[in-house]
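Subject: The structure, and what turned up in it

Hello,

Here is the structure I promised to pass on. Please have it open while you read my notes.

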Amino acid sequence: MSTQPPPSWPVPPQQPQAYGQPPLNGFALASLLVGLLCLPPLGVVFGIVALVQIAKRRERGRPLAVAGLALSLVMTVALVSVTDRLAEGFFDRVSALEQFENVEGDLTDIDELRVGDCFNVPGGDLLDEDPFVYRIDCAQVHDAEVTSSALLTQPGYPGAEPLRKSSADDCWKAQDAYAMDTWALPDYAEMFYFSPSRASWRDGDRRLLCVIGTAAQEHSGSLRKDAGMLTPEQVAFLRAVNDVDLAMGRVPDPDVEDAIPEYREWAREVDRALEAEARVLGEAAQRPDVAAQAGARLKEVEAARKEWQRAAREVTAEGFDRAWSRALDAMPVETEKALRGAYGLATTVPEWLAEYPGDSEDPDGGSGGDSGGGPSSGAA
């Protein structure tokens, strides 16, 4: 006897099938590779797509997608930062070129400038650390004139402050050799220099460029008056007095009471420079054309030397200041003016010297160190 089958047969349970591992999501791998190798923003997109697909399709690769997304985000931030800095520098330079496209002269690499070259810079800004330089004939209006261009020979970067001091000293010497009659320089002429920074030193840029800056006023014509343009007697005298000015300009940075040993050594340096000037004056006193003026100056120099020698023996700041003031008072500017006139040199007392005529109330003011006619300035 048979029975009627049910309206529908129950579906027999299926046996588990032997599946392999879920497939690896391609965007997960692409996110890691793209973020690491080429386009991190695209890696971010791939990482997000991978996570969405993995959740829907139950595919493998979630850790890979997370790693690719994180790496792509980091690389994207770094790329944006670098690009922003590069773009800022680029557009600044482009803006400068557009703003100062009418600067007179031929655009020149600053390392190509040589002694005697004159040039302009945008806006006359000689304190710009990396200026555009436009070389121009010195007969035309210009901002600066090169007095020295030399490669520094130190084996390693000397440090910002030591380099600043040595650069200023070297450039004052270069200016005094280039324009020996310092009183003939206009009052608006200043000493500037361009020296390497720590970064540029590492890149092989070790050039020190010294210039006379005249951007403060419209200036044309060369200021050069070196040894080849003067008589031997003028050269000997100017070298001596310029060395004295340089020595007196090397006043130690600390206050006297904080650095007596440094000041005593400085006083000895000034005395040695005055000794050299005294020898030149002694010889000049034998020549009829300058005998009277040289003799008068020689007496003052010897009197000043005694005070500098006394200063070099002082053990107190008060004693040093008194000797310093007496040394300055011993050399009034009028005697040097008369002697310069006898030598046929400029007799207009420069502002930097006229302001400090050896006033005993202010020994710091009478050093006469700015032998080039203005404060030293520089760009690193």
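Below are my notes on the sheet, the disulfides, the nonpolar cores and the salt bridges.

Before the details, a word on the source: this is a predicted model, in which local features need pLDDT of at least 70 and side-chain atom pairs count only at pLDDT 80 or more, while totals for chains, interfaces and linings use all residues. Residues are numbered from 1 along each chain as its sequence is written, and side-chain values use heavy atoms, with hydrogens and water left out.

**The sheet**

Helices (H or I, at least four residues) and strands (E, at least two) are DSSP runs, numbered from the N terminus. Two strands pair if DSSP finds at least two bridges between them. On that basis there is an open sheet of six strands, in the order S1-S3-S2-S4-S6-S5, with antiparallel pairing. S1 and S5 are at the edges with a single partner strand each, so one side of each has no neighbour in the sheet. On average, neighbouring strands are turned by 40 degrees against each other, direction ignored; the axes behind that angle are lines fitted to C-alpha atoms (for helices over the stretch in contact), and angles run from 0 to 180 degrees between N-to-C directions.

Strand S3 (residues 133–136) is joined to S1 (residues 106–108) by three bridges, and three bridges also join S2 (residues 118–120) to S3.

**The disulfides**

How many disulfides are there? Counting pairs of cysteine sulfur atoms within 2.5 Å, the answer is two. With bonded cysteines counted along the chain, they follow the pattern 1-2, 3-4.

One joins Cys118 to Cys138, at 1.9 Å from S to S. The torsion about this S-S bond is about 100 degrees, so the disulfide is right-handed. Cys118 is in strand S2, and Cys138 is in the loop between S3 and strand S4 (144–151), 20 residues apart. For burial I use relative accessible area: buried means under 20%, exposed over 50%, and partly exposed in between (1.4 Å probe, protein chains only). Cys118 is buried at 1%, and Cys138 is buried at 14%.

The other disulfide is formed by Cys171 and Cys210, with sulfur atoms 1.9 Å apart. Here the torsion is about -65 degrees, so this disulfide is left-handed. Cys171 belongs to helix H4 and Cys210 to strand S6 (residues 207–213), so the pair ties together parts 39 residues apart in sequence. Both Cys171 and Cys210 are buried.

**The nonpolar cores**

A nonpolar core here is a set of buried Ala, Val, Leu, Ile, Met, Phe, Trp, Tyr and Cys residues joined through side-chain atoms within 4.5 Å. The largest has 39 residues, and Phe237, Leu274, Trp308, Phe320 and Trp324 have the most contacts inside it. Helices H6 (232–249), H7 (260–284), H8 (291–311) and H9 (317–329) each supply at least two of its residues. H7 gives the largest share, ten residues. Another core, of twelve residues, lies apart from it, and includes Leu163, Ala168, Cys210 and Leu246.

**The salt bridges**

Taking a salt bridge as a side-chain nitrogen of Lys or Arg within 4 Å of a carboxyl oxygen of Asp or Glu, the structure holds 21. Arg340 forms one with Asp181, their closest N and O atoms 3.1 Å apart. Arg340 is in helix H10 (residues 333–342) and Asp181 in the loop between helix H4 (160–178) and strand S5 (190–194), so this pair ties together parts 159 residues apart in sequence. Both Arg340 and Asp181 are buried.

Arg305 forms a salt bridge with Glu302, at 3.7 Å between the closest N and O atoms. Both are in helix H8, three residues apart, about one turn of the helix. Arg305 is buried at 14% relative accessibility, whereas Glu302 is partly exposed at 32%. Salt bridges that share partners also join Asp181, Glu277, Arg297, Glu300, Glu336 and Arg340 into one network.

Finally, Asp289 and Arg287 meet in a salt bridge at 3.8 Å, N to O. Asp289 is exposed at 52%, and Arg287 is partly exposed at 24%.

Best wishes
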